[in-house]
Amino acid sequence: MSIKRLTLFGGDPEFSRTLHVGTPNIGDTKRFLTRVENLLNRRVLTNRGPLVRELESRMTELLSVKHCVTMSNGTAALEIATRALNFKGNAIVPALTFVATAHALEWQRVRPIFADIMPTTHHLDPRWIRRLATSLTSGVIPVNLWGRTVDIDAVVAEATMRDLAVVFDSSHAFGCTYKGKPVGGFGDAEIFSFHATKFVNTFEGGAVTTNDDALAERIRLMQNFGFADRDEVIHVGINGKMNEVQAAMGLTSVEAMKGFISHNHENYCAYLEGLRYLDGINLIEYDAAERNNYQYIVIEVDDVVTGLHRDQLMQVLHTEGVDARRYFYPGCHRMEPYRSRPKPNGQDLKLTDEMLARVLTLPTGTAVTTGDIRRVVALMQRIHERRNDISRKLAKNDRTTRLTNSRR
Ligand SMILES: *Cc1c(COP(=O)(O)O)cnc(C)c1O
């Protein structure tokens, strides 16, 4: 292969239109537009209209759970669920997650305490619950990252022993299973995000699911200003309602789910096949015995084996029109206001930090064809083949930049 084919060495980018991580899955546009037209004619735009009811009922079926309360977004779902469960003092969360998991607590003046992960799964290590829980701890928010579930039995056992509430952040895990059972009915409650980048989307949106009747009732009240009836407010509340256009998108998205999964699965298989022989680049695998939505293509780059750091690989991919992302770099514990606080038990989150230096997510979803993926993996094979030249060239560029900057 001529190295000149790489943009870094003067070639043209592989993709003239950039491939992104998290381009929305849309579903059947006509069905969505019909729903929108009908809702406009009905003039019911929000306040738990027929589309929101229909979506909630579809979701309780899909997730085999008693209650589904849709929300304006996933962060509101986290805030309302944890508040309804009386989270106070502090709560244990993994640092390897989207910052909203921590912010939802902090916003309510509940202090997030960050736990380390199990490197094999990227999930909260249940042993850290034991290590971090104090008399001030009220709950745990494990995150079903990448749609793979945490060791739910172990986490729930550790939490129950200490009387801690458990809310799963299942933002990534709609349509996934644990031991054959759909994600949605575990712990005290689970939350989902239907943000545009998520597997099923409602533009913005979210939900809390639970099998606890009293909790579901409290959550419904809190989500709608505490209204029990037209003139009767019986609880403090906020506005966390999903509107009818969001629900129209949600229904359209849910109808198309099977198609999304098979498309994502094909893409995943193309990545698996193409990246298999690249030493030091490991695609995280999904348990074939469980259902997954395959919405995340996550690789770990071992710079010692490849001789190329994750950031160098990312830089080269960017020049070629592949917008690979460092989810969730640099980790919640290295973002404000958490960064400035003392570490939990004075300990570093060593495994989280190591993982955050290695993880890279690659484009997939229904906007990316399997043909695109074949080109991405061929590109990565070229990069891998020329990794030594690339590493040298990037180091030289860095030196030049530093020199130019110092002359300024
Ligand atoms: C997307 C996401 C959220 C936040 O959801 P929004 O709907 O964007 O508020 C929370 N946690 C995780 C893990 C997420 O990926």
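Proline 330 sits in the loop between β17 (322-323) and α12 (350-356). Helices (H or I, at least four residues) and strands (E, at least two) are DSSP runs, numbered from the N terminus. The model is predicted, so local features need pLDDT of at least 70 and side-chain atom pairs count only at pLDDT 80 or more, while totals for chains, interfaces and linings use all residues. Residues are numbered from 1 along each chain as its sequence is written, and side-chain values use heavy atoms, with hydrogens and water left out.

The peptide bond from tyrosine 329 to proline 330 is cis, with omega near 0°. Proline 337 also lies in the loop between β17 and α12. A cis peptide bond links glutamate 336 to proline 337, with omega about 5°. Asparagine 47 is not a glycine, yet its phi is positive, about 60°. This asparagine 47 belongs to the loop between α1 (29-42) and α2 (50-63). Most residues other than glycine have a negative phi, and most peptide bonds are trans.

The protein divides into domain 1 (3-24 + 257-402) and domain 2 (29-253). These bounds come from an automatic or database domain assignment. The C-alpha centres of domain 1 and domain 2 are 28 Å apart. Contact (heavy atoms within 4.5 Å) involves 39 residues from domain 1 and 42 residues from domain 2. Buried area is the accessible area (1.4 Å probe) that two parts lose on being put together, summed over both. Between domain 1 and domain 2 it is about 3500 Å², with 63% from carbon and sulfur atoms. Met257, Phe328 and Tyr338 supply 18% of the area that domain 1 buries against domain 2, more than any other three residues.

The ligand is surrounded by 14 residues, each with a heavy atom within 4 Å of it. The closest are Gly74, Thr75, Asp169, Ser193 and Lys198. The shell comprises two nonpolar, ten polar and two charged residues. Here Ala, Val, Leu, Ile, Met, Phe, Trp, Tyr, Cys and Pro count as nonpolar, Asp, Glu, Lys and Arg as charged, and the others, Gly among them, as polar.

A polar side-chain atom of threonine 75 lies 2.6 Å from a ligand oxygen atom. An N or O atom in the side chain of aspartate 169 is 2.7 Å from a ligand nitrogen atom. For histidine 172, a polar side-chain atom lies 2.9 Å from an oxygen atom of the ligand. Taken alone, the ligand exposes 380 Å², and the protein buries 93% of that. These accessible areas come from the Shrake-Rupley method with a 1.4 Å probe. The elements giving two or more residues to the shell around the ligand are α3 (74-84) and α4 (100-106).

Methods: A polar contact is a pair of N or O atoms within 3.5 Å; within protein, one must be able to donate a hydrogen and the other to accept it, and residues adjacent in sequence count only if both atoms are side-chain atoms.
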